[in-house]
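Please read them with the sequence and the coordinates open beside you.

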Amino acid sequence: MDNIPARPRIRVALVGAGAIAQSHVHALERSPICTPVGVADTNAERAQEIASRLGVPGFGSHAALLREIRS
């Protein structure tokens with residue numbers, strides 16, 4: 001097992017901060033291979049709440065999120 005090469009972590013953005021997002025957040029907080037990069041929702045306040053929990057920026061649209069994480 002020690003000879004397995006290290007792989008880059010998978011960057012994950014959440015689009016939608018509704019009820020199901022709580023399950024995704026729970027999984028991301030425990031994932032050894034994923035790194036959250038942002039949360040988007042048309043309800044910017046809700047996006048920011050979940051983003052704060054993950055320590056990432058929150059956005060009011062998926063377009064804004066994509067602009068930010070691509071740069």
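1. A residue is called buried here when its relative accessible area is under 20%, and exposed when that value is over 50%, with partly exposed in between. The model is a predicted one, and Val-39 has 0% relative accessibility, so Val-39 counts as buried.

2. Val-39 belongs to strand β2, which covers residues 34–40, and Leu-14 stands opposite Val-39. Leaving out residues up to four places away in sequence, Val-39 touches Leu-14 and Ala-17, as well as a series that includes Ala-47, Ile-50, Ala-51, Leu-54, Phe-59 and Leu-65. Between Val-39 and Glu-68, which are 29 residues apart in sequence, the C-alpha distance is 11 Å.

3. The sheet is open and is built from three strands in the order β1-β2-β3, with parallel pairing. Because β1 (10–15) and β3 (58–59) stand at the edges with a single partner strand each, one side of each is left without a neighbour in the sheet. Six bridges join β1 to β2.

4. Helix α1 lies across β1 and β2 and runs at about 160° to β1, while helix α2 (residues 44–54) packs on the sheet, where α2 touches β1, β2 and β3 and makes an angle of about 160° with the direction of β2.

5. Glu-29 lies in α1, residues 21–30, and is partly exposed because its relative accessible area is 36%. Apart from neighbours within four places in sequence, Glu-29 is in contact with Arg-53 and Leu-54, and a polar contact of 3.4 Å joins its side chain to that of Arg-30.

Definitions and conventions:
Residues numbered from 1 in each chain as written. Predicted model: local features only at pLDDT ≥ 70, side-chain atom pairs only at ≥ 80, totals over all residues. Heavy atoms only, no water. Helix = DSSP H or I, 4+ residues; strand = E, 2+ residues; numbered from the N terminus. Buried < 20%, exposed > 50% of the residue type's maximum accessible area, 1.4 Å probe, protein only. Contact = heavy atoms within 4.5 Å. Polar contact = N/O pair within 3.5 Å; in protein donor to acceptor, adjacent residues only side chain to side chain. Pairing = 2+ DSSP bridges. Axes fitted to C-alpha atoms, helices over the stretch in contact; angles between N-to-C directions.
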